[in-house]
Amino acid sequence: MFGNRWYDQHPKVSLAVGCIEKADDSLRKKLARIIIKYALKSRISAKRPTVGLFRRWYDKDKDLSLAMEYFKNANEQQRILIAEYIIVYIREGSFN
């Protein structure tokens with residue numbers, strides 16, 4: 001049904017990650033800040049990924065990479081909450 005990637009395990013999370021991937025740089029930066037802010041408030045832990053090979057689409061931006069680590073390290077309920085917020089944020093055009 002779903003792929004093996006951490007964000008493919010739930011359809012809302014997969015949709016949210018897809019939205020982030022397709023967003024322009026400005027929106028991606030805003031979404032990264034939202035995820036990081038939520039993660040810090042929720043005491044989700046993550047280490048800033050080390051600079052190395054850029055294998056994933058989000059590895060080139062250090063803040064986005066950190067945000068995605070937080071997103072990945074969140075528990076399932078937290079991931080769904082983050083995903084729902086991202087989806088609503090984009091649908092409502094809250095970033096304009």
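The model is predicted, so local features need a pLDDT of at least 70 and side-chain atom pairs count only at pLDDT 80 or more, while totals for chains, interfaces and linings use all residues. Residues are numbered from 1 along each chain as its sequence is written, and side-chain values use heavy atoms, with hydrogens and water left out.

Let me begin with the overall architecture. The protein has four helices and zero strands, and its elements run α-α-α-α from the N terminus on. Both kinds of element are DSSP runs numbered from the N terminus: helices are H or I with at least four residues, and strands are E with at least two. Of the 96 residues, 38% count as buried. Here buried means under 20% relative accessible area, exposed means over 50%, and partly exposed lies in between, using a 1.4 Å probe and protein chains only. The accessible surface comes to about 6500 Å², and 51% of it belongs to carbon and sulfur atoms. These areas come from the Shrake-Rupley method with a 1.4 Å probe, and for residues only the protein chains shown count as cover.

The largest nonpolar core has 28 residues. Such a core is a set of buried Ala, Val, Leu, Ile, Met, Phe, Trp, Tyr and Cys residues joined through side-chain atoms within 4.5 Å. Those with the most contacts inside it are Trp6, Val13, Ile20, Ile35, Met68, Phe71 and Ile86. At least two residues of this core are supplied by each of H1 (11-22), H2 (25-41), H3 (62-73) and H4 (76-91). Consider Ile86 as an example: beyond residues up to four places away in sequence, Ile86 touches Ala16, Ile20, Leu31, Ile35 and Phe71.

How do H1 and H3 pack, and at what angle? Their axes are 13 Å apart and the angle is about 180 degrees. Axes are lines fitted to C-alpha atoms, for helices over the stretch in contact, and angles run from 0 to 180 degrees between N-to-C directions. H1 is therefore roughly antiparallel to H3. By convention, angles under 35 degrees are roughly parallel, over 145 roughly antiparallel, 65 to 115 roughly perpendicular, and the rest oblique. On the H1 side, Val13, Ala16, Val17 and Ile20 meet Leu64, Met68 and Phe71 of H3. The residues of this contact divide into seven nonpolar, no polar and no charged. In this scheme Ala, Val, Leu, Ile, Met, Phe, Trp, Tyr, Cys and Pro are nonpolar, Asp, Glu, Lys and Arg are charged, and the others, Gly among them, are polar.

Next, some individual residues. Serine 65 is found in helix H3 and counts as buried because its relative accessibility is 3%. Apart from neighbours within four places in sequence, serine 65 is in contact with Pro49, Arg56, Tyr58 and Asp59.

Is arginine 79 buried or exposed? Arginine 79, which lies in H4, counts as buried, because its relative accessibility is 18%. With neighbours within four places set aside, arginine 79 is in contact with Trp6, Val13, Phe71, Lys72 and Ala74. Isoleucine 90, also found in H4, counts as partly exposed at 22% relative accessibility. Isoleucine 90 and leucine 27 are 63 residues apart in sequence, yet 8.9 Å apart in space, C-alpha to C-alpha. Glutamate 76, again in H4, counts as exposed at 55%.

Finally, the loop between H2 and H3 contains arginine 43. Arginine 43 counts as exposed because its relative accessibility is 77%. Its phi is near 60 degrees, a positive value in a residue other than glycine. Most residues other than glycine have a negative phi. Thank you for your attention.

Technical notes. Contact means heavy atoms within 4.5 Å.
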